[in-house]
Amino acid sequence: MDKVQLLLSHYAESRYTRQLNKGFGWLRFEPELEAEYRISNYRAFRTTRIGALCTLLLALLFFLGFDIFYALRHYDATLTPAIFGMRLIALAGIMLSATMVLYGNDRSAGAFWVPCTVFFIGTTTLVSNILYMQVLEQVGMPFNIDGMILVLIAIFFPVGYSYWGSVVCALVTFITMLVAIPAFLPAGYLDDFVALSIYPLVAMFFAGMSRYFQESATRRQFLTRAALKELADSDSLTGLCNRRMFEILLDRSLRESQRERHCLGLMLVDVDFFKRYNDLYGHPAGDAVLKAVAEALQSTPRRSLDFAARLGGEEFALVFCDLVPVFAERVAEEVCRRIEGLAIPHEGSNIGPVLTVSVGMALSQPGDTRDSLYKRADEALYTSKGGAATARPWPPKWAEPTRVMFFSSFLHRVFTPSRSLSPRAGQTGSVSAQRVASIRQPHPCGPRES
Ligand SMILES: Nc1nc2c(ncn2[C@@H]2O[C@H](COP(=O)(O)OP(=O)(O)OP(=O)(O)O)[C@@H](O)[C@H]2O)c(=O)[nH]1
């Protein structure tokens with residue numbers, strides 16, 4: 001077992017590794033994963049499809065050259081224009097398909113048009129074969145179905161069909177050939193045809209086998225890469241984004257919010273008196289608490305681009321990509337409530353009988369960088385932790401704003417500008433007073449331009 005396999009075998013909670021362990025002998029994943037695989041596969045195979053189209057084009061040009069430089073001179077010239085026409089139809093199909101793959105911007109462009117081209121080529125080859133058969137004796141040409149063999153192999157190209165799609169398409173083509181050719185075959189050639197039919201069958205079998213192994217390897221690679229990426233991006237204890245991914249996503253979200261003139265909210269969440277919790281209840285219980293807090297935070301984001309992360313230890317972050325500033329305090333309150341709602345007993349806490357968190361929040365301003373935004377949120381959290389150190393009345397009465405202020409310094413800043421916090425050593429009260437003032441001003445993001 002190599003290191004990657006060993007690593008993944010210990011990462012059982014991922015849906016990718018679950019699928020890897022379960023296997024996919026029928027080349028099908030769980031429905032959600034299957035949809036994800038197809039989208040990723042389409043992106044990855046775009047170049048391959050163009051390559052496959054070029055190969056088909058070369059093969060067709062070869063046959064056109066054969067028609068022009070050989071068939072036209074040696075066989076019945078009256079036959080050639082019809083076959084020539086068939087080749088041109090196939091050529092048009094390839095060009096159309098290539099254009100759709102190159103310029104079509106949705107997934108169906110390649111997945112639909114490339115198999116369509118194979119279908120075009122299959123049909124025109126079959127018709128050409130039938131046309132040739134009409135004059136076999138006249139031109140003195142031996143009967144063959146080599147063109148159909150090539151088409152059956154081409155169906156198994158990774159051109160857009162799934163493996164099972166290719167199998168169905170190849171079988172339909174093969175059966176059509178078995179029915180159509182004898183219907184037009186001149187008498188006396190039937191035995192030849194039956195004997196020759198074994199070749200497309202064998203070609204189909206080998207092409208199908210190699211396509212099966214190719215798709216199986218592609219699927220395995222997809223699952224392995226996705227699981228490794230997930231492993232690299234997530235925190236192993238809680239499954240949330242880790243700090244590295246948080247920084248990448250925050251950068252991206254901040255750029256996006258500045259472009260769209262949205263207001264981005266960064267909320268830092270820190271579990272209160274967590275060291276005491278560990279000391280009182282033990283490290284494994286501390287781990288369980290971190291998981292429970294992470295789960296509660298994970299269910300807080302409202303929009304698809306919002307996300308939660310564990311920054312390290314007992315510190316978490318929530319990023320709200322499009323936050324209406326007046327709702328900021330409501331969101332902060334909801335986070336505090338959710339964690340307190342878990343009702344995890346914490347006898348070592350100065351705040352109350354259950355586990356609580358402190359929250360610091362910053363709203364983005366034009367020209368903010370990740371660091372400047374984080375710094376403001378961290379300062380708010382620092383102030384909040386100063387507030388957390390003081391005893392608060394319990395149970396909290398969330399409905400009353402004057403009471404809410406005791407449970408989060410963020411809310412404190414919003415609702416009680418005149419009341420001073422209990423800052424930690426080195427922190428001046430004026431810092432919090434200043435922030436109180438700034439949070440009461442209209443938000444710098446301002447009204448959005450329509
Ligand atoms: N169980 C567990 N504990 C952790 C983990 N990571 C960090 N810790 C502990 O978290 C505690 C953090 O302690 P402090 O930074 O003093 O924070 P605190 O006790 O919450 O104090 P305040 O933040 O001021 O409320 C330390 O005891 C760490 O050992 C972890 O993954 N699991």
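Which residue is the bridge partner of V269 in strand 4?

What we have here is a predicted model, so local features need pLDDT of at least 70, side-chain atom pairs count only at pLDDT 80 or more, and totals for chains, interfaces and linings use all residues. Residues are numbered from 1 along each chain as its sequence is written, and side-chain values use heavy atoms, with hydrogens and water left out.

Okay, the overview. The protein has 19 helices and 4 strands; these are DSSP runs numbered from the N terminus, H or I of at least four residues for helices and E of at least two for strands. Of its 450 residues, 46% count as buried, meaning under 20% relative accessible area, while exposed means over 50% and partly exposed is in between, with a 1.4 Å probe and protein chains only.

Now back to the opening question: V269 has V359 as its bridge partner in strand 4. Strand 1, residues 265-271, is joined to strand 4 by 7 bridges, and the two run antiparallel. Zooming out, the 4 strands make an open sheet in the order 2-3-1-4, with antiparallel pairing; two strands pair if DSSP finds at least two bridges between them. At the edges sit strand 2 (307-312) and strand 4 (357-363), each pairing on one side only. From one strand to the next, the twist averages 20°.

Something packs on that sheet, too: helix 15, residues 328-341, touches strand 1, strand 3 (315-320) and strand 4, and its direction makes about 160° with that of strand 4. Contact here means heavy atoms within 4.5 Å. Axes are lines fitted to C-alpha atoms, for helices over the stretch in contact, and angles run from 0 to 180 degrees between N-to-C directions.

A380 is 21 residues from V359 in sequence, and C-alpha to C-alpha they are 7.6 Å apart in space. A380 lies in helix 16, residues 370-388, and counts as buried because its relative accessibility is 0%.

Next, a pair to compare. Is S166 buried or exposed? S166 sits in helix 9, residues 163-184, and is buried, because its relative accessible area is 0%. Leaving out residues up to four places away in sequence, S166 touches I155, F156, Y161 and R211.

And F206? That one is in helix 11, residues 198-233, and is exposed, because its relative accessible area is 54%.
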